[in-house]
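Some notes on side-chain and helix packing follow, for reading alongside the coordinates. Please check each point against the display.

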Amino acid sequence: MKYRADIDGLRAVAIISVIGFHAYPNLLKGGFTGVDIFFVISGYLITTIILNELESGDFKLKEFYIRRIRRIFPSLLLVLLSSLMFGWFALFADEYKQLGKHIFGGSTFISNFIYWKESGYFDDIAEKKPLLHLWSLAIEEQYYLVWPLLILIFWIKKIKLAVIILALIFASFIFNILTAKVNITAAFFLPHTRFWELMVGSMVAYSMLYASQYARYLSLWKKYLLSIIHENLFGANLSKYYIELPSIIGGILIIGSIFLITKEFKFPGWWATLPIMGATFVIVSSQDAWINRVILSHKFMVWLGLISFPLYLWHWPILSFARILEGKELSAWTSSFCIFLSLICATITYYFIEKPIRFAENKYKVLMLMALMIVIGVSGYIVSKENGYDFRIQSREIILKQFDWDTLYNKSEECQKKFPGGDYCNISNSNSPPNVAIIGDSHANHFYWGLSEYYKAKNKNLINMGVGGCPPFLGISMSGPSTSPNCYSRMLPIFNYVLNNKSIDTVYIAFWHNAYFDKRLIYTDNMGSIWGNDNYEYVFKAFERTLMKLRSHGKRVILIYDLPDMKEGIKDCFLKRPIVPTKICTLDESIFIDDYSQYDRLIKDLVIKHNLEIFDARKYINGNFPVDKYGVPMYRDYSHLSINGSLFFADKYWQ
């Protein structure tokens, strides 16, 4: 296989865009499309290698996977081990527990499935996941696991490979489009919605390897192109410039993707075709084209392309750990330092770890790499199962338990056996029928304990029912970035139970105040009666219908006014990370974010139109939150109440 320096240059473009997006998201808003460029390059290179070896009779499946292990495992092992070690000194127990799970996912190449399952606003934000970027590596490895075997089978059976590749591209692309309409998170992370991007690279490899079969079409391209633009337009002989067109078109598409596409777009979907076609045009371009020859083949671009794999592995953990330790978004100077550090780590990794092992002939090194990957994966699994070894963290005059909110508080097995409670199912007395229900997402769940104490004092029985990341609106489906799947089907049995249970006379509704107005969310009404010009209108109508339905069944409905989010996680204000000083926080109302505009508008409209009853939790904030008068935290993270915070409201409901 003839080496192409411009392909390494294209890798450099991809890694620059990805790092630029992660370090300077407001500058390169579509830099995440660099991953799609990587997918095309991977599909092209792997398929070219396999087809060349099949033609020469040298292809061996075992040798292919050995080469993959030598290529990927050394750098990945180093990054996973470094993350595990640094996490020991830098992370709180819950963060380290999550990192352990992600290390296990990274070592087994199932990270994309783990992040898909974790998706939802109730999960930790992306910046607190140092190995989030391994989702793309997982998809590539899943592709490498399947595609070589399929090529071999089709080759032996003498089945026309071009037809198979086109069929797979079409099928995967259709899956991508259909899935993106209903669940953009699934479309982003799942392999069957992403394989078409790698398959496009495979089709490019097949077409270029057997170019003689398509020479007729290439000559027609040249003939009709020149007949349109004329060979001597403005006195210039354009026939010698037509080879520049593919790379120019590709460059425009790639640049357009990086600067025009944003995370608000429904990506991948149709938008992914821009970077995919851009990379395709650049690869099929002549190496003599100016862009390929001068820009992409420049020594610096080639060098950056050569270290792009370890650089991709290093840059996100370094940025992520820096954000965790800072507790806020990084400054431009800090981000730049992180990128500089990533370049140093990547260079050392490439020249002293990856290259020596990759080109070594010792077969025992492959077995050692596999054994080490198993060890690191098992280590991550143990860290997760041991709850992140919380003995590492020192507290500052408070008990770590103040932050605990495990499954005991989310739900009880006894409740789930008897009631359709969803993610959250708790009841004050499981042996008596409930009289009152609180329905919603995690921001309803965290009010349960205080509300339960209030109703116990009134000799009534409260049940908590809801689903994390799902609005408590009847008949609504929702899709978009960081949303929970199947909200309609998961909330329906909860509403049916509450509506048909005559013993329940009062229903509290609560939800995260700023979660469901996001313009990226796509709502669908499964009852067929709601249409909205924007998401505010959709939320209003959905809430209105839910309110009227509950009232029509004789229920008193009360909205619990949601509490504000904090500018930073409360734990950083109380717990000392092993390697950094305890943070000095301003523990008063100035630490809260004021983002209530659409939520306040919603409540005002519902009160005016339907006289909605409100329990205003926010009016008790001043002087009491985020810590009580004894200095004990009322939050457990940046937006959820601790047990202490929930119980604070127990005597407030009387008012």
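1. The model is predicted, and every value below is computed from it. Side-chain atom pairs count only at pLDDT 80 or more.

2. With ring centres required to lie within 6.5 Å, the count comes to 50 aromatic pairs. One of them joins Phe104 and Tyr381: the ring centres are 5.7 Å apart and the planes stand at 55°, so this pair is tilted. Phe104 belongs to helix 4 (residues 93-108) and Tyr381 to helix 17 (residues 364-385), so the pair ties together parts that are 277 residues apart in sequence.

3. Are the two partners in that pair buried or exposed? Phe104 is partly exposed, with a relative accessible area of 29%. Tyr381 is also partly exposed, at 43%.

4. A second pair, Tyr115 with Phe189, is likewise tilted, with 6.4 Å from centre to centre and 35° between the planes. Tyr115 lies in helix 5 (residues 111-118) and Phe189 in helix 8 (residues 184-189), so parts 74 residues apart in sequence are tied together by this pair. Tyr115 counts as buried, at 3% relative accessibility. Phe189 counts as buried too, at 10%. The cut-off for buried is under 20% relative accessible area.

5. Two arginines are placed over tyrosine rings. The charged end of Arg601 sits over the ring of Tyr536, 3.7 Å from the ring centre. Arg618 lies over the face of Tyr596, and here the distance to the ring centre is 4.0 Å.

6. How do helix 15 and helix 16 cross? The axes of helix 15 (residues 308-326) and helix 16 (residues 332-358) come within 8 Å and cross at roughly 140°. The crossing is right-handed.

7. Residues of helix 15 in this contact include Phe309, Leu311, Trp314, Ile318 and Leu319. On the helix 16 side they include Cys338, Ile339, Leu343, Ala346, Tyr350 and Glu354. The contact residues of the two helices divide into 14 nonpolar, four polar and one charged.

8. Asn26 is found in the loop between helix 1 (5-23) and helix 2 (34-56). Asn26 counts as exposed, at 70% relative accessibility, the cut-off for exposed being over 50%. The C-alpha atoms of Asn26 and Thr273 are separated by 23 Å, and the two residues are 247 residues apart along the chain.

Conventions. Residues numbered from 1 in each chain as written. Heavy atoms only, no water. Phe/Tyr/Trp six-rings, centres within 6.5 Å; stacked < 30°, edge-to-face > 60°. Helix = DSSP H or I, 4+ residues; strand = E, 2+ residues; numbered from the N terminus. Buried < 20%, exposed > 50% of the residue type's maximum accessible area, 1.4 Å probe, protein only. Lys NZ or Arg CZ within 6 Å of the ring centre and 35° of its normal. Axes fitted to C-alpha atoms, helices over the stretch in contact; angles between N-to-C directions. Left-handed = near helix turned anticlockwise from the far one by under 90°. Contact = heavy atoms within 4.5 Å. Nonpolar A, V, L, I, M, F, W, Y, C, P; charged D, E, K, R; others polar.
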